[in-house]
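Let's take a look at how charged side chains pair up in a protein chain. Have the sequence and the 3D view ready as you read.

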Amino acid sequence: MFEQLFGSKTRVKLLELFYSNPNRSFYVREITRKVNEQINSVRRELANLLGIGIISSESNNNRLYYEVNQNYEHYKALSMVFGPKPKKATKAGADKQSSDKAEPDVSIEHPLARDIKGVGKVELALLTGQFTRDDRSGVDLLIVGDINQSKLVKFISQLEKEENKEVRYTALPVNNYKYRLQINDRFIGNVLAAKKQVIINNQALPTES
């Protein structure tokens, strides 16, 4: 249905990629690999999306990077269609919400959330660094929680394989993260000041400097 509405399979795949990854930048060959389409088709559709204003581009280190334009007038509407889907509320949760007349659970789950949850009791996870083209943090992935190191190493290895690049990461216990916030730790300050994409934040931990 979406292909008929939006003109091409490649365009739909690109919209799903960009809207599922706000704040993240991709270069052409990376995009081509992720959507598994011919590069000429990808280039053509990128030009179309740029012309409309749905995405923006920026040149960096002799590469042209693309990311979703969050200032586009229909960003929210398209994000509802092509972005990560809301998590389904449990029956107990739905019953409680109904009795309390509360809003339904519409929290959005990032595509990487399920895999990251597999490394332990993760309270906070965010992408930054080379994923968002902001290297002030000096790290690409920060994970906070009770982490199983062997599972984390396995996850990172798989992520590096999928991304075709080395991923710099830091894992911290929650109390360590909170302590670093209290003392204005420079590393955490740089991470929070950098452009980032929050994947998980179960405890509503601070993610802004």
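Buried means under 20% relative accessible area, exposed means over 50%, and partly exposed is anything in between, using a 1.4 Å probe and protein chains only. By that rule, Glu30 counts as buried because its relative accessibility is 2%. What you're looking at is a predicted model, where local features need pLDDT of at least 70, side-chain atom pairs count only at pLDDT 80 or more, and totals for chains, interfaces and linings use all residues. Residues are numbered from 1 along each chain as its sequence is written, and side-chain values use heavy atoms, with hydrogens and water left out.

**Salt bridges overall**
- The structure holds 16 salt bridges, each being a side-chain nitrogen of Lys or Arg within 4 Å of a carboxyl oxygen of Asp or Glu.

**Around Glu30**
- Arg24 pairs with Glu30 in a salt bridge, with their closest N and O atoms 3.4 Å apart.
- Both Arg24 and Glu30 are buried.
- Lys165 forms a salt bridge with Glu30 too, at 3.6 Å between the closest N and O atoms.
- That pair links distant parts of the chain, 135 residues apart: Glu30 is in helix α3, and Lys165 is in the loop between α8 (149-163) and β6 (169-172). Helices (H or I, at least four residues) and strands (E, at least two) are DSSP runs, numbered from the N terminus.
- A network of salt bridges links Arg24, Glu30, Lys34, Glu163 and Lys165.

**The Lys13 and Glu37 pair**
- The side chains of Lys13 and Glu37 form a salt bridge, at 2.8 Å from N to O.
- Lys13 is partly exposed, at 26% relative accessible area, whereas Glu37 counts as buried at 16% relative accessibility.
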